[in-house]
Amino acid sequence: MDWPNYMGVKSCTVPWPWLLLWTYLLQRSSYPEPSSSSYSPSLRRLSSISFSRFRCHSNRKLQLLCQATAGTEPQSGLSVSGSKLAARSGQDRLLKVPISNIRNFSIIAHIDHGKSTLADKLLQVTGTVQNRDMKEQFLDNMDLERERGITIKLQAARMRYVYEDTPYCLNLIDTPGHVDFSYEVSRSLAACEGALLVVDASQGVEAQTLANVYLALENNLEIIPVLNKIDLPGAEPEKVLKEIEEVIGLDCSKAIFCSAKEGIGITEILDAIVQRIPAPRDTAKNPLRALIFDSYYDPYRGVIVYFRVIDGKVKKGDRIFFMASGKDYFADEVGVLSPNQIQVDELYAGEVGYIAASVRSVADARVGDTITHYGRKAESSLPGYEEATPMVFCGLFPVDADQFPDLRDALEKLQLNDAALKFEPETSSAMGFGFRCGFLGLLHMEIVQERLEREYNLNLITTAPSVVYRVNSVNGDTTLCSNPSRLPDPGQRKSVEEPYVKIELLTPKDYIGALMELAQERRGEFKEMKYIAENRASILYELPLAEMVGDFFDQLKSRTKGYASMEYSVIGYRESDLIKLDILINAEMVEPLSTIVHRDKAYSVGRALTQKLKELIPRQMFKVPIQACIGSKVIASEALSAIRKDVLAKCYGGDISRKKKLLKKQAAGKKRMKAIGRVDVPQEAFMAVLKLEREVL
């Protein structure tokens with residue numbers, strides 16, 4: 001049976017059931033839905049449900065019919081030809097393009113401004129990831145990243161986009177989402193020529209937005225402003241545009257308005273990437289130089305290195321040389337990330353990919369290192385390389401002493417993936433055997449601790465975090481000290497220096513006073529305050545890092561009802577009046593409770609610790625003094641009263657000398673017991689005091 005040329009549909013042969021369905025739909029479309037006057041309430045509800053289900057089912061059949069007859073499908077967001085073109089481009093993304101058609105870019109944004117959602121939509125629209133495989137935060141592989149909404153381990157993705165009938169290769173290089181990983185962010189940005197600056201249209205410019213923009217400007221990147229979440233009721237895009245121009249100084253005349261969740265403005269963003277971000281330099285004939293921006297350990301293939309080729313070419317089988325570590329390996333596998341690993345034969349200047357070369361340690365292929373050929377080495381390495389230096393230290397102890405070997409194995413496995421993690425064995429009289437671990441920052445410490453507990457089923461006790469102090473001795477030596485127990489005696493040290501940070505606080509004007517009070521309490525030095533908008537201010541302070549590793553961020557959020565944000569960077573060491581505060585229980589020093597504090601805060605910290613210990617330590621048969629000391633000087637003291645036995649209970653009469661004799665005998669026994677007795681501090685007391693240290697330090 002021939003199909004009539006109806007509504008522009010071409011003539012073709014169609015089975016008769018489709019014709020019946022089409023005729024029924026045309027007739028049924030003129031009928032009204034069941035009305036209240038025709039049916040009882042229960043029958044009306046049932047017939048409405050049946051009608052709506054039939055309509056949805058028939059609409060789907062109609063779509064399939066149109067697709068079979070005319071070769072088209074109804075539009076949804078993308079045009080029919082556009083969606084097919086995107087899918088085909090996604091499949092062809094391994095095809096080579098000229099260097100002039102390569103675009104390397106990154107997405108920079110504050111936490112929760114929609115960076116991951118925008119990356120997901122770019123992957124979907126370009127056909128890099130099929131709809132059936134798509135999930136939220138596609139590039140975030142760890143459960144911890146999805147729960148916290150931040151990027152811990154960066155990813156890269158190669159996309160293919162056709163602009164004006166010309167194919168382009170777009171390389172998205174993701175960046176971690178926290179200040180602790182600012183070095184990795186800087187290396188990722190160094191591998192790009194441009195960046196998308198994503199700002200929430202309802203929240204405006206925040207602290208991390210500024211910090212990442214400054215990193216991008218230092219690397220001379222082309223920045224494209226993107227206003228996300230314009231579909232929200234509270235969005236004020238014009239106001240936020242003005243804020244970006246005033247605070248950052250970017251020209252926002254060509255800013256893009258988008259909603260990554262709804263798919264608005266995605267095509268405009270892709271067009272802007274092609275038009276405005278410059279192509280890499282054509283240096284394929286030069287000696288190989290490739291920048292490592294990430295690496296991780298695979299138990300079967302060794303270390304997998306993510307890199308961007310700056311100069312030259314690299315192919316499978318080449319003997320490569322890591323210029324900073326001085327190691328050389330053969331490239332067993334070369335490929336691209338799209339976003340899964342796909343092998344290719346060769347990568348040339350401007351391209352982004354990975355190398356598997358059976359590297360045995362992440363330390364041999366550190367972030368920021370330069371890869372070159374072993375036989376034709378480059379004259380100089382790429383600038384900007386530095387080793388990651390731990391800034392925060394803490395002790396990790398297993399609750400169950402039998403788990404110590406498991407903790408050691410778990411730390412060794414984690415270090416294979418994270419070269420910035422440092423650890424060494426430590427022994428504590430209170431908590432037994434454990435490790436002293438160094439981290440890039442507080443978030444890095446929390447992530448490592450949580451991964452140890454989740455992935456390796458460990459129960460851990462974490463001591464109060466401390467920073468690395470620089471001790472200048474009388475004999476001229478300089479030592480680094482992260483553990484209070486290793487601080488030299490007062491007679492041997494000339495001065496103690498501590499790390500300082502420059503911190504920028506962005507807050508609504510109503511909370512300026514509360515934040516200035518918080519910074520002053522933490523020994524902050526006020527530097528500058530300026531209004532970045534009519535009702536928002538930026539406050540700049542310099543304060544010790546040790547004052548930040550406690551509950552500074554929690555206090556910041558609670559005092560401003562969650563509206564303030566912060567960004568900090570380490571600016572160096574400064575000499576301070578620092579002392580070691582010791583805790584003595586029954587005249588015995590308890591090393592795990594020793595801390596390094598500023599002299600002005602020593603009394604308040606000592607008083608808080610002694611009072612808390614008095615509540616937590618069980619009473620003994622003898623009086624127990626609890627003292628906080630600086631050297632031999634006691635600055636705070638509490639006493640735990642003894643449990644007394646009524647030795648006079650049996651004296652129902654007689655001379656008073658009999659009672660005095662019994663009391664004297666009891667006093668001599670308690671004195672002897674105190675001399676040889678030992679006070680065991682329970683585990684719960686240590687955990688509670690460690691929590692208290694985080695609050696008072």
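Six strands form an open sheet with mixed pairing, in the order E2-E3-E1-E4-E5-E6. Strand E2 (156-163) and strand E6 (256-257) stand at its edges; each has a single partner strand, so one side of each is left without a neighbour in the sheet. The model is predicted.

- The partner shown here for E2 is strand E3 (residues 166-173), joined to E2 by eight bridges in an antiparallel run.
- Within this pairing, Arg160 stands opposite Cys169 in E3.

**Strand E16 and its partners**
- E16 pairs with strand E7 (residues 289-298) through two bridges, and the two run antiparallel.
- Ala290 has Ile371 of E16 as its bridge partner.
- E16 also pairs with strand E10 (residues 319-322), again in the antiparallel sense, over three bridges.
- Here Phe321 has Thr372 of E16 as its bridge partner.

**Side chains of E16**
- In a regular strand, side chains alternate between the two faces of the sheet.
- In strand E16 (residues 370-373), Thr370 and Thr372 point one way, while Ile371 and His373 point the other way.
- All four of these residues are buried.

- Arg658 counts as partly exposed because its relative accessibility is 39%, and partly exposed covers the range between under 20% (buried) and over 50% (exposed).

Terms used: Residues are numbered from 1 along each chain as its sequence is written. This is a predicted model: local features need pLDDT of at least 70, side-chain atom pairs count only at pLDDT 80 or more; totals for chains, interfaces and linings use all residues. Side-chain values use heavy atoms; hydrogens and water are left out. Buried means under 20% relative accessible area, exposed over 50%, partly exposed in between (1.4 Å probe, protein chains only). Helices (H or I, at least four residues) and strands (E, at least two) are DSSP runs, numbered from the N terminus. Two strands pair if DSSP finds at least two bridges between them.
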